[in-house]
Amino acid sequence: MAEIRVNGVALHYEARGEGPGVVLVHGSWSDGDSWARVMPGLAESTTVVTYDRRGHSRSEDLLTQGSVYEDVADLAGLIEGLGLAPAYVCGNSYGALITLRLASARPDLLRGISVHEPPGTSLLLADPELRAAGAELAGRIAAVRELLEHAESAAAAELFVETVAFGPGAWAQLPAPVRHTFVRNAPTFLDELRDPDALDLDLTALARFNEPALLTQSDDSQPMYGEVLDIIDLTLPKAERHLYMGAGHAPHLSQPEEWVQVVLPRALE
């Protein structure tokens, strides 16, 4: 466990192993501990780093409106500050959007990326044929936001897990520490929702990323994630797809052995 200061904020991070750098970027509501099940497998042959994004859990919260641009700058600063470039970066959910944005803005820091189910709803809303799917998801997120605006963090976390991320009944199946983390970090999701650029991507800039990109989804996740990945797949020059079976929105949690088997060979290329 350690701390690094980048862009005026103190970030909590953990590093294990030796070898080429691999950085794991968690999604909304979560923190670096969400990667605990895959760290040992990666640490056998890489230097793997997890961290709590600004405002999450043990990292500093500046108590001001944040932006996805700050998250991207923090990730860049972490890679540079720890001397990991060029790193292989893996992002899950909102962490996948941050990873893709870094690929657009600072490709020099990366030798490849792996992203699982980025919630790029703005890409769907921009496409007339996919607009209905994007609007449907936006409606479910709006219900979560209403609870957050009234400081009903526990209810909002449960609604998000069951209607946006994982599915009905999933909240009760999450380990108690994970549920606690989601409730604790609930305000950070409201912060993301107040950022008008949070769920968008610059596809023109992303098309210039010429390193390998692994795009993954699960067969039992919301269909819109696959539609978002289809758009990104057509954009990236060196995209590769992988489908997890029954792994849900967080395969590093539900199927950590398979996740390592899929990601590690690509991280070592």
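Analyst: Start with the second largest pocket, which holds about 370 Å³ of space. The closest to its centre of its 23 lining residues are Gly 55, Asp 61, Thr 64, Thr 188 and Asp 191. This is a predicted model, in which local features need pLDDT of at least 70, side-chain atom pairs count only at pLDDT 80 or more, and totals for chains, interfaces and linings use all residues. Residues are numbered from 1 along each chain as its sequence is written, and side-chain values use heavy atoms, without hydrogens and water.

User: What is a pocket, and what is a cavity?

Analyst: Rolling a probe the size of a water molecule over the atoms shows where empty space is left. On a 1 Å grid over the protein atoms alone, a cavity is a set of points where a 1.4 Å probe fits but cannot get out; a pocket is an open set with protein on both sides within 12 Å along at least five of seven lines; lining residues have an atom within 4 Å of a point. Volume is the space filled by probe spheres set on the points, joined across faces, edges and corners.

User: Which element gives the most to the lining of the second largest pocket?

Analyst: Helix 9, with four residues. Helices are DSSP runs of H or I, at least four residues, and strands are E runs of at least two, numbered from the N terminus. The lining divides into five nonpolar, eight polar and 10 charged residues.

User: How does the lining of the largest pocket divide?

Analyst: Into 15 nonpolar, 15 polar and four charged. The largest pocket holds about 740 Å³. Phe 166, Leu 174, Val 178, Ala 250 and Leu 253 lie nearest its centre. Helix 8 gives the largest share of its lining, four residues.

User: Which residues touch the most other members of the largest nonpolar core?

Analyst: In soluble globular proteins, nonpolar side chains tend to be buried together. A nonpolar core is a set of buried Ala, Val, Leu, Ile, Met, Phe, Trp, Tyr and Cys residues joined through side-chain atoms within 4.5 Å; buried means under 20% relative accessible area (1.4 Å probe, protein chains only). Here the largest has 65 residues, and Val 23, Trp 29, Leu 75, Ile 79 and Ile 232 touch the most other members. Helix 3 gives this core the most, seven residues.

Methods: Nonpolar A, V, L, I, M, F, W, Y, C, P; charged D, E, K, R; others polar. Buried < 20%, exposed > 50% of the residue type's maximum accessible area, 1.4 Å probe, protein only.
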